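The following paragraphs lead through selected residues and helix pairs of the structure displayed here.

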Amino acid sequence: MKRSDRDAPRVGVISLGCAKNLVDSEQMIASLLRAGFVLTGRPAEADLLLVNTCAFIRDARAEALAAVREACAYKRRGRCRVVAVAGCLVQQQGSDLLRRFPDVDLFLGLDALDRAGALAARTLESGGPILDMSPQAVRLFEPAEPRVRLAAGPYAYLKIAEGCDHRCGFCAIPAIRGRHRSRPVARIVAEAEARLAQGVRELILISQDTTAYGRDRRDGADLCGLLRALGRIGGRFWIRILYGYPTGITDRLLDTLGEIPQACRYLDVPIQHSHPEVLRVMRRGATRQAVAALPERVRRRFPGAVLRTTCLVGHPGETAAAFRHLLAYIADAAFDHLGVFAFSPEAGTPSAALRQPAAATAARRREALLAQQQAVLDRQAGTLAGTEDEFLIEQAASGSAGTALGRTRRQAPEVDGRTCVTGLPSGHGAGDWATIRYTVRRGIDWRARAVPPDGRSV
């Protein structure tokens, strides 16, 4: 007999880490819903608390462990009967976590996402602990039914591949997520069509290295072909690609992006560093020429391109001179968006065994690089103010007639800030489009005015 929602067990989900993790959380939620659970946004009301963890760097692991401890506290003092922990931290430390957290009832590795519902129901009925973790992640999941979307706006993340074949010296992800493996083009297109039918207006393609899509397949699939297949869906929506590898930004890819009306002129390409010796020690030496030429080459071939990157400071081999090289590179490259991490030695990675600059030195370099980027943004703000752009409404501000929050093609969700637009005609809501004119930047956010059909801002 099917239980009513009132009688069904409730599950609260805490999803940590990157957008790729968010897709995994959607997969597990779909499995839980099929097993008869209902979602709640209130942890105190949950029978089951699921924590989907990140283990990319030390700070991410600390955040994950704190969330697990918090979930266990709910179990000790409230309604919660089962705590489940899933994701990268389980795949990395499974049996150790089992010993460390006796209050956790269920541990799910990366190959067990689609078993979350059945195992959670079994744990509720019979108790735990249960550890479901393969020695190495090898599976590749397709979106499950019912389709769940956790994104906070009219956009959806499409994970087009899993794992990574790069062996960067500082990164534990290949050991956690396994080898690179790509989904079929037809299935990605089918997912895109389903998301667009749900009202999604932006499709964001993600994987550990999006530019490596299709290299493991024998059917000729590659990122350019996938982009063209998505463009053939037709209609008004955006396509954005995140997490490219410097050597994967080919002229052919730039030309393809320029041919597809839906494709954002936006590239997220983590360079990590600019100095040849640091890149060599990072085991990214093959990217040296690609990194050096990247900004100029992309902007020449792909006019109007918006570039985001990520840098890693404090890595072994980064001398004061190497850091000055990076500062000069960032000043000259003028990236539109920049993220900076301080080196975190990851157990089992080659870089962890090398001598590194002091943590305080890495922290100072991080602040100095961010300050350099701020100067770049200040220069760019004067150029962008007064220009027009396409705007996607994510939230119409309550109590503020004609005001909305959202993003332009220049801004990826969560990381690039938002745009606040005034002067919108009545009736506009989330998922609608508008033409705007930038007025002033506030930090990483922008303010703008709507441009009516006659072209004059109000």
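Serine 207 has 1% relative accessibility and therefore counts as buried, where buried means under 20% relative accessible area, exposed over 50% and partly exposed in between, for a 1.4 Å probe and protein chains only. The model is predicted: local features need pLDDT of at least 70, side-chain atom pairs count only at pLDDT 80 or more, and totals for chains, interfaces and linings use all residues. Residues are numbered from 1 along each chain as its sequence is written, and side-chain values use heavy atoms, with hydrogens and water left out.

Serine 207 belongs to the loop that runs between strand 10 (202-206) and helix 7 (223-231); helices (H or I, at least four residues) and strands (E, at least two) are DSSP runs numbered from the N terminus. A polar atom of the serine 207 side chain lies 3.2 Å from the backbone oxygen of aspartate 209. The side chain of serine 207 also reaches the backbone nitrogen of threonine 210, at 3.1 Å. Once neighbours within four places in sequence are set aside, serine 207 is in contact with Lys20, Ile160, Ala161 and Tyr243, contact meaning heavy atoms within 4.5 Å.

Two packed helices are described by the angle between their axes and the distance between the axes. Axes are lines fitted to C-alpha atoms, for helices over the stretch in contact, and the angles run from 0 to 180 degrees between N-to-C directions. For helix 6 (residues 185-197) and helix 7, the axes come within 10 Å and cross at roughly 35 degrees. Their contact brings Val185, Ile188, Val189 and Ala192 of helix 6 to Leu226, Ala229 and Leu230 of helix 7. The residues of this contact comprise seven nonpolar, no polar and no charged; Ala, Val, Leu, Ile, Met, Phe, Trp, Tyr, Cys and Pro count as nonpolar, Asp, Glu, Lys and Arg as charged, and the others, Gly among them, as polar.

Helix 1 (residues 19-34) packs against helix 4 (residues 116-126) at about 55 degrees, with the axes 7 Å apart. The two helices are therefore oblique to each other, given that angles under 35 degrees count as roughly parallel, over 145 as roughly antiparallel, 65 to 115 as roughly perpendicular and the rest as oblique. Met28, Ser31 and Leu32 in helix 1 meet Ala116, Gly117, Ala118 and Ala120 in helix 4. By class, that contact contains five nonpolar, two polar and no charged residues.

Helix 2 (residues 58-77) and helix 3 (residues 88-100) pack at an angle of about 45 degrees, and their axes are 13 Å apart. Helix 2 is therefore oblique to helix 3. From helix 2, Arg61, Ala64, Leu65 and Arg69 meet Leu89, Gln92, Gln93, Leu97 and Arg100 of helix 3. This contact divides into four nonpolar, two polar and three charged residues.

Gln92 is also among the contacts of isoleucine 176, which touches Ala55, Cys88, Gln91, Gln92, Leu110 and Ala137, residues up to four places away in sequence not being counted. Isoleucine 176 lies in helix 5 (residues 173-177) and, at 2% relative accessibility, counts as buried.

Valine 415, in the loop between strand 16 (404-408) and strand 17 (419-422), counts as partly exposed at 44% relative accessibility. Beyond its neighbours within four places in sequence, valine 415 is in contact with Arg308 and Ile444. Arginine 308 is 107 residues from valine 415 in sequence, with a C-alpha to C-alpha distance of 9.8 Å.

Definitions and conventions: Polar contact = N/O pair within 3.5 Å; in protein donor to acceptor, adjacent residues only side chain to side chain.
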